[in-house]
Every structure is written in C-alpha cells, then in structure tokens.
Amino acid sequence: LPRMQRSLPQQRRIPNVNKVIAVSSAKGGVGKSTIAANLATSFARQGLRSGILDTDIFGPSIPTLFNLSGEPRLSAANQLLPLSNYGVKTMSMGYLVGEDAPVVWRGLMVMKALQQLLHEVEWGGLDVLVLDLPPGTGDTQLTITQQIKLDGAIVISTPQDIALRDAMKGVNMFRKVTVPVLGMVQNMSVFVCPHCSQRTHIFGFDGVIKKCQEHRIELLGDIPLDAKICDDADNGMPTVVADPNSERAKAFHHLAKNI
Ligand code: ADP
C-alpha cells in the first residue's frame, strides 16, 4: 500500500502576538506552570509586552500564581479580554469555569473550550505570549501544536529518570510538528537546606544536563528546589516579583535571557 501523505493542518498565528513560546512537560508537578509564570513576568520586567495563556483545562494554576480571579469581560468584537497583574496579561480556563466543573467534561467540550482560549482572546498587542501547556503529549497538546503557529517550545523536567524518559516524548512531538525546540529546563536539581546549608540532590543532579548533551538540545536553565518558590506561588506572586534580587529570582531571569 502507498504510504499516506501526512500534512499538517493550517497552523494559525494568534492575532497581534509577535512570538508564541510553549512551555511543556511530560509529567505534572515538575514545575511547568511555576516556570511559565516566572518567564512571562521576567519578560515583562525586561520591558516586553508579555502575556501568558494557561491551556491546562483540568488543572489551571495561572489564576492562583497571578492572584487573579473573576470572569473576563468581552470586547466589542465579543472576544475575551485578558486579566492583568505584575505587568502580564493572562487568560486561563480557570476564569471561565467554576472550581471543579471541567473534571466531568467530555472530549468535545474540552476541544471547544480550547478553541476559545486559542482563537478568541483579544491580546491587544504582545511581544511574547507564553503558552502553558497541559502536561503530557496527548490529544490536547497535539491539537494546540497543530493549530497554533508556535515560535518555539521549552521542555521542563526534573533530573529524575522516570520524568526524563517521558520528557523526550515531548521533544519528539514538537519536532514532528516542526516546532523548534528551544531547549530544556532542569527544575528541582538541588536543595540547599536553609538551616545547615547542606546541598541535597533529591531527584538527581544532572539528568537533564546529560539528556541535553546526548540529544544536542540546549540547556536553558537550572532552577533549584527552594521552599520559598513554593511560598511565592502560594502567595500569588511569581518569584521574580516576590523577591526580585534573590538567587532564586536570578535563576528565572537567567532562563528568560537565554530565550
Ligand atoms: P506543573 O505545572 O508541572 O504541574 P507546578 O508549577 O504547579 O508544576 O509546580 C508543582 C509544585 O511544585 C507547586 O507547588 C510549586 O509551587 C512547586 N515548585 C515548582 N518548582 C519549584 C522549585 N524549583 N522549588 C520549590 N517548589 C517548586
């Protein structure tokens, strides 16, 4: 049998947005949203018109991370208007639904909601939009990467083998849909005890670095495991806003400069 020719459906640009950078991870809980939020805020601090789009339908965390809530207003053209804080325009499924509504959604409803987030937001002119993808490499991620013209993708992982094994699936997904992989970010590589200053590598220390070398992928950043990063998130403030001159904030700024 002749091989089927696979062609990509039309990838559309998000109107009035210069660059779209996707932040992804293979697993949940590796710090994807935390890094996406700090990245968008760091871009804003560099003077860029920055936004973040939270496409995690089932576990949106951008509203919490930016201390925002409430329903978005509609523009004259019936488009969703972003909610802003810390100089960043944000849009999230979390603004559109009640606390636990989407858990029972069927695939079709998820896709409909996703279409609205991707195509019906009036960003009003952005230099950069950070796209916080849901974890994994399933249907939702594929739909987004096929529909939206992405300028680049970043894959976040902890150095642990079990996370890394799947992280490469993410890299391969982007390559398949011809999205440039800008690089990987290692998160939670070292824990410095605030009491005795001892350094502990809870998830290993160089798993992502090795993977990058092996597959010729850029290592964009290395963020330590720091209880204060957790506190910042719980306080509704990205670290680069909460304590801009701290070492942990510098790690995020360094990452933003690498992109
Ligand atoms: P994901 O988006 O990958 O599911 P999150 O960004 O929600 O992950 O992070 C998961 C949890 O880990 C959150 O409680 C967050 O505050 C915390 N966290 C993320 N990165 C760090 C870090 N470098 N140090 C300490 N806590 C972190």
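Predicted model: local features only at pLDDT ≥ 70, side-chain atom pairs only at ≥ 80, totals over all residues.
Residues are numbered from 1 along each chain as its sequence is written.

**Ligand.** I found 18 residues surrounding the ligand, a residue being near a molecule if its C-beta atom, placed from the backbone, lies within 6 Å of it. The closest are Gly-31, Lys-32, Ser-33, Thr-34 and Ala-233. The elements giving two or more residues to this shell are α1 (32-45), β7 (181-192), β9 (219-225) and α8 (227-234). Helices (H or I, at least four residues) and strands (E, at least two) are DSSP runs, numbered from the N terminus.

**α1 and α10.** I then turned to α10 (residues 247-257), which packs with α1 at an angle of about 75°, the axes being 9 Å apart. Axes are lines fitted to C-alpha atoms, for helices over the stretch in contact, and angles run from 0 to 180 degrees between N-to-C directions. The two helices are therefore roughly perpendicular (65 to 115 degrees). Asn-38, Leu-39, Ser-42 and Phe-43 of α1 meet Phe-252, His-253, Leu-255 and Ala-256 of α10, contact meaning C-beta atoms, placed from the backbone, within 7 Å.

**Burial.** In α10, I list Ala-249, Ala-251, Phe-252, His-253, Leu-255 and Ala-256 as buried (20 or more other C-beta atoms within 10 Å of a residue's own, with C-beta atoms placed from the backbone). These buried residues pack against α1, β7, β9 and α9 (239-242).

Notes:
Parallel < 35°, antiparallel > 145°, perpendicular 65-115°, else oblique. Contact = placed C-beta atoms within 7 Å. Buried ≥ 20, exposed ≤ 12 C-beta atoms within 10 Å, placed from the backbone.
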